[in-house]
Amino acid sequence: MSPVDPRLHFTFAGMGYAFIELRRFDEAIAAGKKAQRHNPSYSAGYRCLASAFALLGRDAEARDAAARLLEVDPDFTISAYIARGGQTNAKLLIEGFRKAGLPE
């Protein structure tokens with residue numbers, strides 16, 4: 001990872017998703033925040049944050065991240081996310097989406 005890579009937000013979001021599946025939610029939040037800071041219009045950072053906060057029971061923060069996600073990607077739905085990416089192996093991530101109140 002180069003600290004000057006203009007696509008660093010992809011790396012941090014991917015790390016966040018992996019941390020969620022490993023149940024390392026605090027690390028997922030840190031990675032999601034880094035992804036969001038590197039590119040505030042990249043929706044994956046907000047998806048990571050919404051899921052990780054929800055899975056930790058931090059409902060207000062999960063709802064805030066979900067709202068920010070829907071500002072960046074107003075057409076986001078869980079079913080469309082699964083259909084376009086085949087994320088069937090990301091069960092915990094998707095469970096977090098649901099807990100965060102993202103639309104089915």
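Predicted model: local features only at pLDDT ≥ 70, side-chain atom pairs only at ≥ 80, totals over all residues.
Local features require pLDDT of at least 70 and side-chain atom pairs count only at pLDDT 80 or more, whereas totals for chains, interfaces and linings use all residues. Residues are numbered from 1 along each chain as its sequence is written, and side-chain values use heavy atoms, with hydrogens and water left out.

**View 1. Salt bridge between R68 and E71 in helix α4.** A salt bridge is defined as a side-chain nitrogen of Lys or Arg within 4 Å of a carboxyl oxygen of Asp or Glu, and five are counted by this rule. In the one shown here, the closest N and O atoms of R68 and E71 are 4.0 Å apart. The two residues lie three positions apart in helix α4 (residues 59-72), a separation of about one helical turn. Helices (H or I, at least four residues) are DSSP runs numbered from the N terminus. R68 is partly exposed at 33% relative accessibility, while E71 is exposed at 60%; buried denotes under 20% relative accessible area, exposed over 50%, and partly exposed in between (1.4 Å probe, protein chains only).

**View 2. Salt bridge between E95 and K99 in helix α6.** The closest N and O atoms of this pair are 3.3 Å apart. E95 and K99 are four residues apart in helix α6 (residues 91-99), about one turn of the helix. E95 is partly exposed, with a relative accessibility of 34%.

**View 3. Salt bridge between E104 and R98.** Here the closest N and O atoms are separated by 2.6 Å. Both partners are partly exposed, E104 at 48% relative accessibility and R98 at 43%.

**View 4. Aromatic cluster of F76, Y81 and F97.** Rings of Phe, Tyr and Trp (its six-membered ring) are paired if their centres lie within 6.5 Å; planes under 30 degrees apart are stacked, over 60 edge-to-face, and the rest tilted. The structure holds four aromatic pairs. One of them is the edge-to-face pair of F76 and F97, with 5.6 Å from centre to centre and 85° between the planes. This pair links distant parts of the chain, 21 residues apart: F76 lies in the loop between α4 and α5 (78-85), and F97 in helix α6. Y81 and F97 also pair edge-to-face, at 5.3 Å centre to centre and 80° between the planes. Because Y81 belongs to helix α5 and F97 to helix α6, their pair ties together parts 16 residues apart in sequence. F76 is buried, as are Y81 at 5% relative accessible area and F97 at 0%.
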